[in-house]
Structures are given as C-alpha cells and as structure tokens.
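Here is a short briefing on one protein model. Keep the structure open beside the text as you read.

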Amino acid sequence: MTEPVPVVQKLDQAMASDDFAWSMVLVGEDQADKLATLTADLRGPFSSTGDGKRITSGFSYWGIAPTIAWANATNDPFYLVMKVGTESFLRHWRKLRPHVDNGGFHLVSLGVGTGVKDRTVLSDLRKHNRDMYYIPVDMSSEMLRMGTLEPVRGARFPMSQTLPVQLDFSIDDNIEKLAQMLTRLVGDEPILFTLTGNTLANFESDEELLGTLTQVLRPQDRLLLEVASTTRLDQETADAAADEYHQTRAFAEFVTSALRYNTDLKISNELVKFVGEVENDDALLVKILWQNDTGEEIRMELPDHTEVVLPVGDTIRLYTTRKYSTARLKRLTESCKLTPVEAIQSQFRYTRRPNPFGLELLLLAPEAAGEREHSLADDIWAT
Ligand SMILES: C[S@@+](CC[C@H](N)C(=O)[O-])C[C@H]1O[C@@H](n2cnc3c(N)ncnc32)[C@H](O)[C@@H]1O
C-alpha cells in the first residue's frame, strides 16, 4: 500500500491552479497566549507617566483593524517621516546592495509592514539567486497577508518560494525555533535578515531585542537595520520628535486602534499625549499614551470580559519610539557584537530650517563573520 502524500506537498500546486486569493501563513505560537499577554499588560499598575498599563510593540499592529490603520498611516502624506523614509530607502539600499550581491542570500523580513521595502530588496536579491526563499515574519497574520501581496503579486515574486510566519520575534524561544526551522530549510546558505522602519525603536528594551535577534545570526548571515536618527539630544529636540508624530490624524488613528479593537474604551484624541524625553543621554524617547484627564474614574472592559478601573491621571502606553544618536547605535551594536559593514546616513530636508532628524541604514555582520570589516566599522562610528 502506498503512503498518503502530505498535504503541504500538494498545496502549492493546488493553490496555483485556483484563482481565489489564497495565502498561506505558518503560525508559530498560540494566539490565545498572545491575547492573555495583552490582557495582562492592560491590567498593569497605576502610572501617570505611561509606565504601568501598556500595549507593547507587536500588539499595536495585531489584528485587522490595527493593520488597516497602519496601512492608512503609511499612505498619509502628512506622515512625513514615513513618506520620506519609504522614498529614501530605495536610494540607500542601492548603496548597500553591492555587499550582498552575489552572496546567494535568502530574505527573512522581521516585521513586514506594507511590504514596500521587501519588494525592492527581493527583486534585487532574486537577480542573484532565482531559488531564494522569502520569509516574512510578523506577529500579525493580517499584516502578513497584506505585506506579502506587494512583492508576491505586485513584483511577481513566486508564492511557491514565500513562507509567511506568524510569530512574536521578541521572545528568545521563538527566535531560536525560527532559526532551527530556517536551517532545515536553507542549510548553510546565507540569510539576509531585515529589521526596517525603525521597528527596533518600538521595543521597551531595544538592546534586549537586538541581542535576541543577533543570537541567530551565523557568520554568513547579515542584518539590515533601519532606524530613525537625531543629531541633537536636548529637551527641545525631544519635544520636536514627539510633535512629529502628533501632526498626522492617520497616525493617531493607528496608535489608538489596538485599544479600540481590544477594549470597550471610548477614546477621544484629546486624551492622547505625545511625550518626548532624552533617554540615557544618547537617544530621544517618544512615549505615546492615553491619559484619563476627564476628572472621573473610568472603567474599561478587557478581552476576557473582566473590568479594570482607570483612576484620574492613570495612563495606558500606546506606543514607544525613539530617535537614535550615533553614540547609541555604536553602544547597541557593540553590546550585541555586531560589526557595521556599511552605513548610510541621511538628514531630513523637507523643512525650511536645518533639521536634526534623519534615517540610518546599517548593514551589520555578526562578530564571527571575520576581522575584515573592523577598520570599516571604525570609520563608520567615527562620523
Ligand atoms: C514599524 S513597522 C515596520 C514595517 C516595515 N518593515 C517597514 O520598514 O516599513 C513594524 C512591523 O513589525 C511588526 N512587529 C512589531 N513587533 C513585533 C513582534 N514583537 N513580533 C513580530 N512582529 C512584530 C509589526 O506588525 C509591523 O509589521
């Protein structure tokens, strides 16, 4: 008697011969655990500074409403940083690209977003490796479906070489299991990991996240890191950083959408605050928080139908972001034993007055990759 053929072996053909919009996602962790984590985070202690109840990194993008709100925010012409960032990525990537040309890389995109940047990177990498795999990893299955449409349908990257993975990549165990699965898929062939769109800045401990991700880099792998940068570190500039996010209505819709989607809180935009501060003398930290300034206690229902009391002055942290100085980036990469192979810095030029803000695109190699890049690293961090 012949053995039955595993369904995954047949799936590709089955999907290809059907014009319905099927998409595939490999779910890496129990989604009920995620909802329990979000619920517990929203039950945090009282804080008037956004350090008690909170929505952490991936949860702000988790679910269909936050995904749509993110897509709208990225398309809002008033969300200048995003607009300028998307436009400049293409130019900057082209300057770094020679370091990964001819390497035969696969692409693992950590945090796919709308997929616009993946489209560019994929079409370039594929010229040198027709057999490459594209593995977008994201906490949000809706984001994965939307983000992979861009390169797969828009740029005709083959669906049969695409494997979207739903996973929270800030958890050590998850990233370790992902690395094992990747090795089974590609063996010793090199992987380009990307963490773009200032995603690193959304994590409360950016150093911990970078450390977690670095653990899985093999000597042949590279990490493409894109972060927002600043040349000034003072309260006035921190206020300007906070203000930047305040200017767009679509961003306010996005940043409140996870709370609207997962609780019964009625959110008025006047209660949403954008607070900037200088963090450790080497970065600007922006906290976006909801604060109960109504003068009355509010009750909020959580996803498990329990209630939480929000006393006057209490806050819920909705989003965390940063702008990095060169000193902070040097400290981060050195503590994670990452060596810059190439770095492209740019300053924003859309304002009339000189602007301290910009973007930094870094191609990083793990320490074990060899000594060759060290002199380059000295040049890069000397600027
Ligand atoms: C700021 S967007 C960046 C999107 C895209 N890389 C870009 O450059 O425009 C962050 C992305 O990372 C995902 N994300 C954030 N935290 C995550 C986590 N802990 N695990 C998995 N995905 C996460 C979000 O769902 C979102 O797609």
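A cavity is a set of grid points where a 1.4 Å probe fits but cannot get out. A pocket, by contrast, is an open set. The model is predicted.

**Cavities**

- The count comes to 2 cavities of 30 Å³ or more.
- The largest cavity has a volume of about 210 Å³.
- Its lining is made of 17 residues. Tyr 79, Val 81, Met 82, Gly 197 and Asn 198 lie nearest the centre of this cavity.
- Helix H4 (80-96), strand S7 (222-230) and strand S12 (315-324) each supply at least two residues of that lining. H4 gives the most, with 4 residues.
- By class, the lining of the largest cavity holds 9 nonpolar, 6 polar and 2 charged residues.
- The second largest cavity holds about 60 Å³ of space.
- Ile 55, Thr 56, Ser 57 and Ser 60 are among the residues that line the second largest cavity. The lining also includes Asn 202, Glu 204, Arg 317, Leu 318, Tyr 319 and Thr 320.
- The lining of the second largest cavity divides into 3 nonpolar, 5 polar and 2 charged residues.

**The largest pocket**

- The largest pocket contains about 710 Å³ of space.
- Its lining counts 28 residues. Those nearest the centre of the pocket are Asp 12, Met 24, Met 159, Ser 160 and Thr 162.
- Helix H1 (7-16), strand S4 (134-138) and helix H6 (141-154) each supply at least two residues of the pocket lining.
- Sorted by class, the pocket lining has 18 nonpolar, 5 polar and 5 charged residues.

**Helix H3**

- Helix H3 covers residues 64-75, which makes 12 residues.
- H3 reaches 17 Å from its first C-alpha to its last. That is close to the 16 Å expected at 1.5 Å a residue.
- Which residues of H3 are buried? They are Pro 66, Thr 67, Ala 69, Trp 70, Ala 71, Ala 73 and Thr 74.
- The cover over these buried residues includes H4, H6, helix H10 (249-262) and S12.

**Aromatic rings**

- A pair of aromatic rings is described by the distance of the centres and the angle of the planes.
- The whole structure has 12 aromatic pairs.
- One of them joins Phe 20 and Trp 22. This pair is edge-to-face, with 5.0 Å centre to centre and 65° between the planes.
- Phe 20 is exposed, because its relative accessible area is 54% and the cut-off for exposed is over 50%.
- Trp 22 counts as partly exposed, at 46% relative accessibility.
- Tyr 61, Trp 70, Tyr 245, Phe 251, Phe 254 and Tyr 319 form one aromatic cluster. Trp 70 is also one of the buried residues of H3. Tyr 319 also lines the second largest cavity.

**Positive phi angles**

- Most residues other than glycine have a negative phi.
- Asn 102 has a positive phi, near 65°, and is not a glycine.
- Asn 102 sits in the loop between H4 and strand S3 (106-110). Is Asn 102 buried or exposed? Asn 102 counts as exposed, at 66% relative accessibility.
- His 305 also has a positive phi, of about 70°, although His 305 is not a glycine.
- The place of His 305 is the loop between strand S10 (298-301) and strand S11 (307-310). His 305 is exposed, with a relative accessible area of 63%.

Key: Residues numbered from 1 in each chain as written. Predicted model: local features only at pLDDT ≥ 70, side-chain atom pairs only at ≥ 80, totals over all residues. Heavy atoms only, no water. 1 Å grid on protein atoms, 1.4 Å probe; cavity = no way out; pocket = protein on both sides within 12 Å on 5 of 7 lines; lining within 4 Å. Points joined across faces, edges and corners; volume = space filled by probe spheres on them. Nonpolar A, V, L, I, M, F, W, Y, C, P; charged D, E, K, R; others polar. Expected span 1.5 Å × (residues − 1). Buried < 20%, exposed > 50% of the residue type's maximum accessible area, 1.4 Å probe, protein only. Contact = heavy atoms within 4.5 Å. Phe/Tyr/Trp six-rings, centres within 6.5 Å; stacked < 30°, edge-to-face > 60°.
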